[in-house]
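The sequence and the structure are shown first.

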Amino acid sequence: MDLAAFRALEPLCWRAPSAHNTQPWRLRYERWAITVGWDPADALPAGDPTGRDLRLSLGAFVETCLIVAADAGLRLDWVADHDEAEHRVGRLRPARQPYRTPFDAGDVADRRTHRGRFTDGPDAGSLTAVDDVARQAGGAVHVVPAGRLGALRRAADRQVYADPAVTAELRRWLRLDPARPEYLSDGLSDRCLGLSRPAATGLRAALAAYPVLRPLGLPRLLAAGDDPLARGGAVLALVAPPDLDAAGQVEFGRVLMRMWLTLHAAGLAAHPLSQLVDVGATRDAIGASLDVAPARIVHVTRVGRPVAPAPRSARRVEAAGSEAAVGGRRRVRPRTSSMTPVAS
């Protein structure tokens, strides 16, 4: 197994999306396999207490690794081996032939989360294409009726912002000051959130004063301050098979990555609205509108054709070749050159 060849590709693999752009995945290089795990320090225990978004992110990372390796001619396949105690989801191992996929490294590099304006939503052909991706894995994609979405979005945002632990977690991962070193490595930057400098400064000040302003109505004010639905597009719900366990959620994260890349190939982009799934009341309401068991809804996202390209989100990776001994945990540090419940 050519470990060195895959290591050289690892920075591109890190272009996979993750909630709050925490990039939780970790690789352990072994003689005949590469173990994929995660660092609990990069999980979101308040905002993602069940670990659903973490496992979807890990699955998206696995799919990305397979696509990038296949494009380079490396023959890898995936063996799931989920172990919560060991913080492990499985292994990439040698295969007889490269992973079969319609996507390539260019798709991975160019895909962006887009929080800006859309000219229109997905057409019938694009909807059929992403629904086919989900149905091949026992799921489905549904368009969420627009009728009550605005009210549901505001209700979900109010509940999220009313929770001090969730808000503290969000504040930890916001990158609103370009002068700070982590601005170039991870988290949700002002640029990727589409915030002007005054808006970023105002948000930073409001969150810094959160303990004082929360009882005075700050959660309601923050929820009313931005309306992504007003920026166009359609809202899609990804529905998983019934009774999906933890390992199944990782595998469905691979489906989510294929769904996003299918949208990208059609000239579309996605903006996750995870709060609609994270808050039980809004997830129940969406489930009722779709006649789907709410527990099966694992992802909700705004989709459309972008007016302009989205900024490139940061990634926390080492330069190729700086790994210590084979078999050790890969250490990561912020990059020093080049330049987002949300994925980037």
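The sections below treat a helix, a sheet, the cysteines and several individual residues of this predicted model.

**Helix α8 and its surroundings**

Helix α8 comprises twelve residues, 197-208. From its first C-alpha to its last it reaches 16 Å, close to the 16 Å expected at 1.5 Å a residue. Four of its residues, Ala200, Leu203, Ala206 and Leu207, are buried. These residues lie on the same side of α8, because they cover an arc of only 130 degrees around the axis. The buried residues of α8 pack against several elements, namely α6 (164-173), β6 (174-175), α7 (190-193), α9 (210-213) and α10 (218-225).

**The four-stranded sheet**

An open sheet is formed by four strands in the order β5-β8-β10-β9, and their pairing is antiparallel. In general, strands of a sheet pair through backbone hydrogen bonds, either parallel or antiparallel.

The pairing of β5 with strand β8 (residues 234-239) is antiparallel and extends over four bridges. Within β8, alanine 237 is the bridge partner of histidine 142. Helix α13 (residues 280-290) lies across β5, β8 and β10 (297-304), and it runs at about 75 degrees to β10.

**Cysteines**

How many disulfides does a search of the whole structure find? The search finds zero. Cysteine 13 is in no disulfide: the nearest cysteine sulfur, that of cysteine 65, is 3.9 Å away. Cysteine 13 counts as buried, because its relative accessibility is 0%. Cysteine 192 is also buried, with a relative accessible area of 8%.

**Aspartate 157**

Aspartate 157 is located in helix α5 (residues 149-162). With a relative accessibility of 11%, this residue counts as buried. Leaving aside residues up to four places away in sequence, aspartate 157 touches Ala223 and Gln275. The C-alpha atoms of aspartate 157 and leucine 222 are separated by 7.8 Å, although these residues are 65 residues apart along the chain.

**Two histidines with positive phi**

Histidine 20 has a positive phi although it is not a glycine, and the description also applies to histidine 87. Histidine 20 lies in the loop between α1 (3-13) and β1 (25-29), whereas histidine 87 is placed in the loop between β3 (76-83) and β4 (88-94). The table gives the values for each residue.

| Residue | Phi | Relative accessible area | Class |
|---|---|---|---|
| Histidine 20 | about 60 degrees | 3% | buried |
| Histidine 87 | about 50 degrees | 29% | partly exposed |

Histidine 20 is thus buried, while histidine 87 is partly exposed.

Definitions and conventions
Residues are numbered from 1 along each chain as its sequence is written. This is a predicted model: local features need pLDDT of at least 70, side-chain atom pairs count only at pLDDT 80 or more; totals for chains, interfaces and linings use all residues. Side-chain values use heavy atoms; hydrogens and water are left out. The expected span of a helix is 1.5 Å times one less than its number of residues. Buried means under 20% relative accessible area, exposed over 50%, partly exposed in between (1.4 Å probe, protein chains only). The arc is that of the directions from the helix axis to the C-beta atoms. Contact means heavy atoms within 4.5 Å. A disulfide is a pair of cysteine sulfur atoms within 2.5 Å. Two strands pair if DSSP finds at least two bridges between them. Axes are lines fitted to C-alpha atoms, for helices over the stretch in contact, and angles run from 0 to 180 degrees between N-to-C directions.
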